[in-house]
Amino acid sequence: MESHDDLLKRAKEQILAASTHDSLKEIEREFLGKKGAVAALLASIPTLPPEERRDVGKNANILKKAIQESLDARQAELAQSTLSAERSGDGFDATLPPKTLQSGSLHPITQLTRQLEDLFLSMGYTVLDGPEVELDHYNFEALNIGRDHPARDSQDTFYCDDAGDLSLRPHTSPVQVRAMEKLDPPFRIVAPGRCFRNETTDASHEHTFHQMEGMVIGKDISVGHLIGAMKTLLRGIFHRDVEVRLRPGHFPFVEPGFELDARCPFCEGGCSVCGRTTWIELLPCGLVHPNVLKMSGIDPEEWSGFAFGLGLSRLAMLRYRIDDVRHLLGGDMRFLEQF
Ligand code: DAH
């Protein structure tokens with residue numbers, strides 16, 4: 001019969017050479033299993049002379065323990081090397097749960113802009129773009145806002161040069177002028193985009209914000225057409241009929257000019273959004289001033305039109321219940337991830 005020492009030596013050699021958990025299991029079975037070498041040794045005890053039995057039994061247990069320890073040590077080594085192989089990218093474990101994929105989303109202003117563009121396109125409007133750094137002529141002059149007009153002060157403009165010819169546009173209205181120069185009436189346009197004002201920021205004022213300008217030029221355009229277009233717009237945004245009202249408003253490029261209010265879509269009898277009035281100030285608008293038409297080469301005797309300046313940032317705040325305009329362009333991922 002193989003001696004204890006030989007048996008242990010043979011077991012240890014095999015264990016060291018084993019490179020997989022399965023082959024270790026196989027070795028364990030061979031030496032420590034029910035029909036393994038150690039079991040055979042123990043089974044032989046009754047056949048031995050009585051004076052040898054004690055020693056053989058004791059040594060068999062020592063042997064069993066030694067083999068078990070070698071097995072455990074090798075098992076731990078193998079587990080460690082699998083882990084480091086996986087960490088260094090050599091290994092691939094199909095059972096590991098996948099890393100969650102990070103997916104981006106469109107900014108709420110972009111989402112709203114696209115939705116409104118679709119809506120206006122469906123009503124026969126063309127979507128126009130205009131420069132963000134704009135000439136004085138388009139920002140003010142051609143909009144009937146003369147050099148000394150107080151409206152120029154109220155638009156706290158970021159000027160780009162000392163002469164005041166070039167500035168960051170304080171509204172999207174200059175695109176109206178560019179449209180009148182480029183297009184032959186009749187036409188309908190909207191122009192979404194960024195605007196800039198040099199003002200102190202707070203929860204409802206931001207130096208950079210978004211507007212969507214609208215202009216319709218045609219024959220015999222009236223306030224009725226304006227109201228109709230705005231009601232269609234509101235139905236598209238809130239998915240139901242929304243009551244509107246006009247209050248007088250003054251802008252040099254429209255006559256008459258209005259502030260259009262919409263019935264608060266969030267409540268019946270007053271809430272924090274509408275300041276308990278049930279009305280929400282939605283957008284300034286009006287019939288295009290004859291001077292404005294004339295300055296851009298459109299005959300006011302033949303053509304008339306309406307224009308509106310939708311505050312996209314404001315509308316996004318209403319729509320998504322955002323309480324501070326500064327969240328919109330603040331770049332905080334915790335805010336953006338919600339859209
Ligand atoms: N451009 C104006 C502003 O930002 C808003 C405005 C008022 C636009 C009346 C219009 C309009 O088209 O008709 O203060």
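I take helices (H or I, at least four residues) and strands (E, at least two) as DSSP runs, numbered from the N terminus. The model is predicted, so I note that local features need pLDDT of at least 70, side-chain atom pairs count only at pLDDT 80 or more, and totals for chains, interfaces and linings use all residues. Residues are numbered from 1 along each chain as its sequence is written, and side-chain values use heavy atoms, with hydrogens and water left out.

**Pocket.** I found 49 lining residues, with Arg-197, Gln-211, Glu-281, Gly-311 and Arg-314 nearest the centre. β8 gives the most to this lining, eight residues.

**Cavity.** A cavity is a set of points where a 1.4 Å probe fits but cannot get out. I counted one of 30 Å³ or more. Its lining includes Ile-109, Phe-209 and Leu-329, and β5 supplies the largest share, three residues.

Which way does α2 run relative to α4? Their axes (lines fitted to C-alpha atoms over the stretch in contact, with angles from 0 to 180 degrees between N-to-C directions) come within 10 Å and cross at roughly 175 degrees. That makes α2 roughly antiparallel (over 145 degrees) to α4.

Methods. 1 Å grid on protein atoms, 1.4 Å probe; cavity = no way out; pocket = protein on both sides within 12 Å on 5 of 7 lines; lining within 4 Å. Parallel < 35°, antiparallel > 145°, perpendicular 65-115°, else oblique. Points joined across faces, edges and corners; volume = space filled by probe spheres on them.
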